[in-house]
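User: I have a structure open and want to go through it with you. Can we start with the terms and then look at the details?

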Amino acid sequence: MARVSGKDRQHVCSCRCWGNYCCRSGGQIVGAVAYIGPSAPKANFFRPEWPIMRMLVVAPNSRGLGIGRALAEECIHRAQRDGASVFALHTSKLMEVAMPMYQRMGFSWVSHTPEIHGVEYSVYVKELNG
């Protein structure tokens with residue numbers, strides 16, 4: 001469980017069922033992400049052994065407080081617990097806020113994916129240390 005403080009509020013990001021994580025503030029869900037573990041079914045542009053995160057979302061009025069990063073870090077910690085050496089995600093240029101965060105967290109571009117609903121996506125990975 002991660003605690004994120006900012007703007008006189010504390011947000012609690014905790015594990016939910018089936019590898020999903022959410023972040024609550026004042027009884028409201030303000031962020032969420034899905035974790036898909038190694039060898040679980042996933043799009044074929046990911047290697048089967050890579051754990052991935054999907055659908056990271058933070059409520060507009062809660063952005064800039066570190067919630068997205070905390071949720072991503074929870075997924076990375078889970079991947080490390082699962083014994084992974086690489087963690088992956090896919091994103092598009094439409095995700096203008098998330099992309100710089102991923103780069104600051106150490107994710108690097110590895111490939112393009114086929115377009116999804118007419119939008120170009122790319123796969124990014126982060127090498128994990130034990």
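Analyst: Contact here means heavy atoms within 4.5 Å. This is a predicted model, where local features need pLDDT of at least 70 and side-chain atom pairs count only at pLDDT 80 or more, while totals for chains, interfaces and linings use all residues. Residues are numbered from 1 along each chain as its sequence is written, and side-chain values use heavy atoms, with hydrogens and water left out.

User: OK. What is Thr-113 in contact with, leaving aside neighbours within four places in sequence?

Analyst: Thr-113 touches Phe-45, Tyr-121, Ser-122 and Val-123. Thr-113 sits in the loop between S7 and S8. Strands (E, at least two residues) and helices (H or I, at least four) are DSSP runs, numbered from the N terminus.

User: Is Thr-113 buried or exposed?

Analyst: Thr-113 counts as buried because its relative accessibility is 10%. Buried means under 20% relative accessible area, exposed means over 50%, and partly exposed is in between (1.4 Å probe, protein chains only).

User: And S8, how many of its residues are buried?

Analyst: Six of the seven residues in S8, which covers 121-127, are buried.

User: Which strands does S8 pair with?

Analyst: S6 (residues 86-92) pairs with S8 in the antiparallel sense, over seven bridges. S7 (residues 108-112) also runs antiparallel to S8, joined by four bridges. Two strands pair if DSSP finds at least two bridges between them.

User: Which residues in S8 are the bridge partners of Ala-88 and Ser-111?

Analyst: Ala-88 has Val-125 as its bridge partner, and Ser-111 has Val-123.

User: Let's zoom out. What order do the elements come in?

Analyst: The protein chain has two helices and eight strands. Starting at the N terminus, the order is β-β-β-β-β-α-β-α-β-β.

User: How much of the chain is buried?

Analyst: Of the 130 residues, 44% are buried. The chain exposes about 7,700 Å², with carbon and sulfur atoms supplying 52% of that. Those areas come from the Shrake-Rupley method with a 1.4 Å probe, and for residues only the protein chains shown count as cover.

User: Switching to aromatics. How many pairs are there?

Analyst: The count is four aromatic pairs. Rings of Phe, Tyr and Trp (its six-membered ring) pair if their centres lie within 6.5 Å; planes under 30 degrees apart count as stacked, over 60 as edge-to-face, and the rest as tilted. Tyr-35 and Phe-87 are stacked because their planes lie at 10°, with the ring centres 6.4 Å apart.

User: Where do Tyr-35 and Phe-87 sit in the chain?

Analyst: Tyr-35 is in strand S4 (residues 28-36) and Phe-87 in strand S6, so the pair links distant parts of the chain, 52 residues apart. Both residues are buried.

User: What about Tyr-102 and Phe-107?

Analyst: Tyr-102 and Phe-107 are edge-to-face, at 5.8 Å centre to centre with 65° between the planes. Tyr-102 and Phe-107 are both buried. Ring pairs link Tyr-35, Phe-87, Tyr-102 and Phe-107 into a cluster.

User: Last topic: how many salt bridges?

Analyst: A search of the whole structure gives two. The term means a side-chain nitrogen of Lys or Arg within 4 Å of a carboxyl oxygen of Asp or Glu. In one of them, Arg-69 and Glu-73 have their closest N and O atoms 2.9 Å apart. Arg-69 and Glu-73 are four residues apart in helix H1 (residues 67-81), so about one helical turn separates them.

User: And the other salt bridge, with Arg-78?

Analyst: Arg-78 forms a salt bridge with Asp-82, with the closest N and O atoms 3.7 Å apart. Arg-78 is partly exposed at 24% relative accessible area, and Asp-82 is partly exposed at 36%.
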